[in-house]
Each structure stands twice: as structure tokens, then as C-alpha cells.
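Please look over the sequence and the structure shown here before reading on. The briefing that follows is arranged by topic.

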Amino acid sequence: MNADKIIVALDVPDLESAIALVDKLPQVTFWKVGLELFTSTGPKILEILKSQEKRIFLDLKFHDIPNTIAGACRAAAGYGVDLLTIHATCGKDALKAAAEAVQIGAEKAGTKPPKLIAITLLTSISARQLAFDLKIPLELPEFTLEMALLAQNCGLNGVVCSPQEVQQLRTSCEKDFLLVCPGVRPTWAEKGDQKRSLTPSQAITAGADYLVIGRPITAAAVPELAWNQIVEELKTV
């Protein structure tokens, strides 16, 4: 069912707001907990989501030296979440350390290890910014492909990428390599700070495994209606 491919971003500032949103959308089975909410609530929000048998994408985007990355991933694996993120630009040593650490952390906690996925390039960054601000001498599609292949070669389970890069990565990476796409915007929603976006049906058709959708649903006047509109759109795929 394509509705299971939607991860709703729980991008709110505090526990009370998070609980209210989860209660408002009981049909959502997969939630993303990002940096702001986790910093505000700690693991409490994860406990609440797990008590309701929700799947969890813990999107903390770790980026540090290998030893610190390993420690953070080992600790995060103990929460029993389903997906966990790290920046591919941490480099080969950190990626390999992270892949090993989630296995150790999960085994120690008696939980299933999370799927570890790497950020290729934030969807708020445009090709112009990649070249002129970050001074990366590669075309944007080439850069994201290199980051995805690096993550795959280091034993990670997938990557986070813009839906505009999905088709290329789907043909270049292994079949079971997860492609998780934020920056997805229905035609009726504002793009906001997303520079490289597609509609939900376009992203799934291109080969995305999961869509991360936040504001088009959570900031809508009636979130349940927005959710239903997106689900209906995906039924046509």
C-alpha cells in the first residue's frame, strides 16, 4: 500500500505539540523525529510513538569524527527506531564505524538494528549553491551519486536524496538500497525552502522507497484532509 511509503515529519517544537499532531493523524504509521523535537524532548517522544506501535525515522543527521559517530550511532540504535541518518560527507571511516556501531548498539539493547541511511545532499541546497557556496567542483547529480555509492560501499542501507535524483540512483545502486526522499511537494503545496522537489506520485514513479512529507500535511488547515489528498494521489501510481 503506497500510504505506507509516507513518513510524516513531526517537525514541531515540543512534546505537547507532537502528541497533539500524532493524535490528530492516527492513520499515519511512520513518523520522522528530527533534530528540533529530539533536542526538546529527548527519547520521550520515541517511547510514546513506540507505545502506539508507530514506525520511527530518527533523523538526527550525525556528522562528526568516526569515534564520536560510532558512539552516537551505538546509543541511537538502542532506541529501537527503524531509520537513522548520518551525513555521507563524514567520510568512509565514519560511515563504516557507524554501520558497525548500530549492530553493536542494537544487540546490546536487544532491539532490531535501524536501517542506517546517509544524507547525500540536503534538499534545501541548489546546484548553484553546491558550486558557488560549497565550492564542490561536481555537477549536483554526479555529487549525489558519488555520495550514494560511497554509502553503499561502506555497508549502509540506503540514502536520503532529493526526488530529482531518485531515478539515477535507482539504476546505479543495488536493488534493495533504500532511497528516502524529503522535499516532496504536492502540486497544491508551497515549495518553501525545498529547491529540488517533485510531487508524491512523481517521486514514487521515479523509484523512491519512502517519501518524507512535513509541512504540506502538518501545516495544513486540516491535516487529515491533506493526508487523504496525498494518499489518493498515490493510488494512481
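**Briefing on a predicted model**

D59 is part of strand β3, which covers residues 55-62.

**Annotated positions**

- UniProt, in an unreviewed entry, places the feature "active site" at D59, K61 and D64.
- D59 has a relative accessible area of 7% and counts as buried, because buried means under 20%.
- Once neighbours within four places in sequence are left aside, the contacts of D59 are K32, V33, G34, L35, T85 and I119.
- D64 is located in the loop between β3 and α4, the latter spanning 66-77, and with a relative accessibility of 38% D64 is classed as partly exposed.
- Not counting residues up to four places away in sequence, D64 is in touch with I69, C90 and A94.

**Salt bridges**

- In the whole structure, a search finds six salt bridges.
- R55 and D82 are joined by a salt bridge in which the closest N and O atoms are 4.0 Å apart. Because R55 belongs to strand β3 while D82 sits in the loop between α4 and β4 (83-87), this pair ties together parts that are 27 residues apart in sequence.
- Both partners of that pair are partly exposed, R55 with a relative accessible area of 34% and D82 at 26% relative accessibility.
- D209 and R170 meet through their side chains in a salt bridge, with 2.6 Å from N to O. D209 lies in the loop between α9 (200-206) and β8 (210-213), whereas R170 lies in helix α8 (residues 166-172), so parts that are 39 residues apart in sequence are tied together by the pair.
- K235 and E232 form a salt bridge between their side chains, at 2.9 Å from N to O; K235 counts as exposed at 57% relative accessibility, whereas E232 is partly exposed with a relative accessible area of 45%.

**The second largest pocket**

- The second largest pocket holds about 350 Å³ of space.
- Its lining is made up of 22 residues, and D82, P113, P114, K115 and L178 are those that lie nearest the centre of the pocket; D82 is also the salt-bridge partner of R55.
- By residue class, the lining of the second largest pocket divides into nine nonpolar, five polar and eight charged residues.

Note on methods:
Residues are numbered from 1 along each chain as its sequence is written. This is a predicted model: local features need pLDDT of at least 70, side-chain atom pairs count only at pLDDT 80 or more; totals for chains, interfaces and linings use all residues. Side-chain values use heavy atoms; hydrogens and water are left out. On a 1 Å grid over the protein atoms alone, a cavity is a set of points where a 1.4 Å probe fits but cannot get out, and a pocket is an open set with protein on both sides within 12 Å along at least five of seven lines; lining residues have an atom within 4 Å of a point. Grid points are joined across faces, edges and corners, and a volume is the space filled by probe spheres set on the points. Ala, Val, Leu, Ile, Met, Phe, Trp, Tyr, Cys and Pro count as nonpolar, Asp, Glu, Lys and Arg as charged, and the others, Gly among them, as polar. UniProt positions are given in the numbering used here, feature names are shortened, and annotations may be inferred rather than shown by experiment. Helices (H or I, at least four residues) and strands (E, at least two) are DSSP runs, numbered from the N terminus. Buried means under 20% relative accessible area, exposed over 50%, partly exposed in between (1.4 Å probe, protein chains only). Contact means heavy atoms within 4.5 Å.
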